[in-house]
Amino acid sequence: MANTLESPKSKPNLPQRMQNAQQQAADWMQDSQFWTSIFRPGSIFRKGYTDSPRNRSYVIMNSVLYHLHPVKVKRHAVKVSYTLCLGGLSFFLFILLTITGIFLMFFYRPTDTAAWLDIESLHTQVAFGLLVRNMHRWAAHLMVLTVFLHMARVFYHGAYKAPREFNWVIGVILLKLTLLLSFTGYLLPWDQLALWAVTVGTNMMGFTPVFGSQVRFVLLGSQDIGSETLLRWYVLHVLMLPFVIVIFMAIHFWRVRKDGGISGPL
Ligand code: HEM
């Protein structure tokens, strides 16, 4: 009641004055060159943003954070039941593998004398070492599974057909890279299981027609499995393959957008 009778000239109360001061400070900040040079037109942080389809597109295109997101999403595309989010799950597992993998790199040395001992001490002396190692291991197994199921889903929906045939090919490369990442990681614990699995694998490669022995030599870094092999596979596992897979993932996601979003329910 008292508020309605208040004259318009009455002095604003403390909370109002604080709100006004806050607004003035925000206006001053948003008009400054510092602010406008970072947040370009269309950014939601810029003053005067109106919620229109045009501005929404600007927000997506001008933001580093959002630019992978589509400007428009079809209703069916957000239906998890359609894709089972298997592509998204594969990506999530890849991120998890990257984070846990970086943790493991702090405690692991890729030499024939240190590797196995480092894994042992990771279990017993490093805080959360066993947990993180097992998260890395399980996420790797799961990623192979989710990538495979994602491929099966794409096949079942006929999403490999035009105009998505190029992305199917990119997908096949992603599958190969995932399997290679998994296989190169298998050697790193440097235990009996790893040694014999890689011996079998590389012996099989040795039966490649014409270049068999050369292929085997390139993979092993010598005539037999040894410290050269460990170093070679470590570099492949932590540097080269992740780098290549990230590039192909970026192409893969970009193509999903360019091909008009996911295929949609049949
Ligand atoms: C590292 C592995 C992979 C990741 C992270 C990945 C990620 C994704 C994501 C997030 C999508 C959007 C829709 C969805 O979640 O299903 C997608 C779509 C698609 N993916 Fe993958 N993918 C991978 C491997 C593959 C493989 C192995 C294939 C096939 C050989 C493939 C073929 C496709 C195709 C054709 C689409 C479009 C599907 C549609 O329009 O319905 N991808 N992928």
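Helix axes in this tour are lines fitted to C-alpha atoms over the stretch in contact, and angles run from 0 to 180 degrees between N-to-C directions. Helices (H or I, at least four residues) are DSSP runs, numbered from the N terminus. The model is predicted: local features need pLDDT of at least 70, side-chain atom pairs count only at pLDDT 80 or more, and totals for chains, interfaces and linings use all residues. Residues are numbered from 1 along each chain as its sequence is written.

Stop 1: Select α8 (129-156) and α9 (165-187). α8 and α9 pack with their axes 10 Å apart, at an angle of about 160°. α8 is therefore roughly antiparallel to α9, a label for angles over 145 degrees. Their crossing is left-handed, that is, the near helix is turned anticlockwise from the far one by less than a right angle.

Now show the side chains where α8 meets α9; residues are in contact if their C-beta atoms, placed from the backbone, lie within 7 Å. On α8, pick Ala-140, Met-143, Val-144, Val-147, Met-151 and Val-154. On α9, the partners include Trp-168, Gly-171, Leu-174 and Leu-175. By class, this contact has 10 nonpolar, four polar and no charged residues. Ala, Val, Leu, Ile, Met, Phe, Trp, Tyr, Cys and Pro count as nonpolar, Asp, Glu, Lys and Arg as charged, and the others, Gly among them, as polar.

**Stop 2: the loop between them.** Move to Pro-163, in the loop between α8 and α9. A cis peptide bond joins Ala-162 to Pro-163, with omega about 5°. Most peptide bonds are trans.

**Stop 3: the ligand.** Select the ligand and the 27 residues around it; Thr-83, Gly-87, Ala-159, Gly-171 and Ser-263 come nearest. A residue is near if its C-beta atom, placed from the backbone, lies within 6 Å. The elements that give two or more residues to this shell are α6 (86-105), α8, α9 and α12 (227-258). α9 gives the largest share, seven residues. The shell divides into 15 nonpolar, 11 polar and one charged residue.

**Stop 4: two positive phi values.** Most residues other than glycine have a negative phi. Select Cys-85, in the loop between α5 (80-83) and α6, where phi is near 55°. Cys-85 counts as partly exposed because it has 16 C-beta neighbours inside 10 Å, between the limits of 20 or more for buried and 12 or fewer for exposed. Finish at Val-210, in the loop between α10 (192-205) and α11 (212-220). Phi of Val-210 is about 65°, and with 7 C-beta neighbours inside 10 Å this residue counts as exposed.

How values were computed:
Angles under 35 degrees count as roughly parallel, over 145 as roughly antiparallel, 65 to 115 as roughly perpendicular and the rest as oblique. Two residues are in contact if their C-beta atoms, placed from the backbone, lie within 7 Å.
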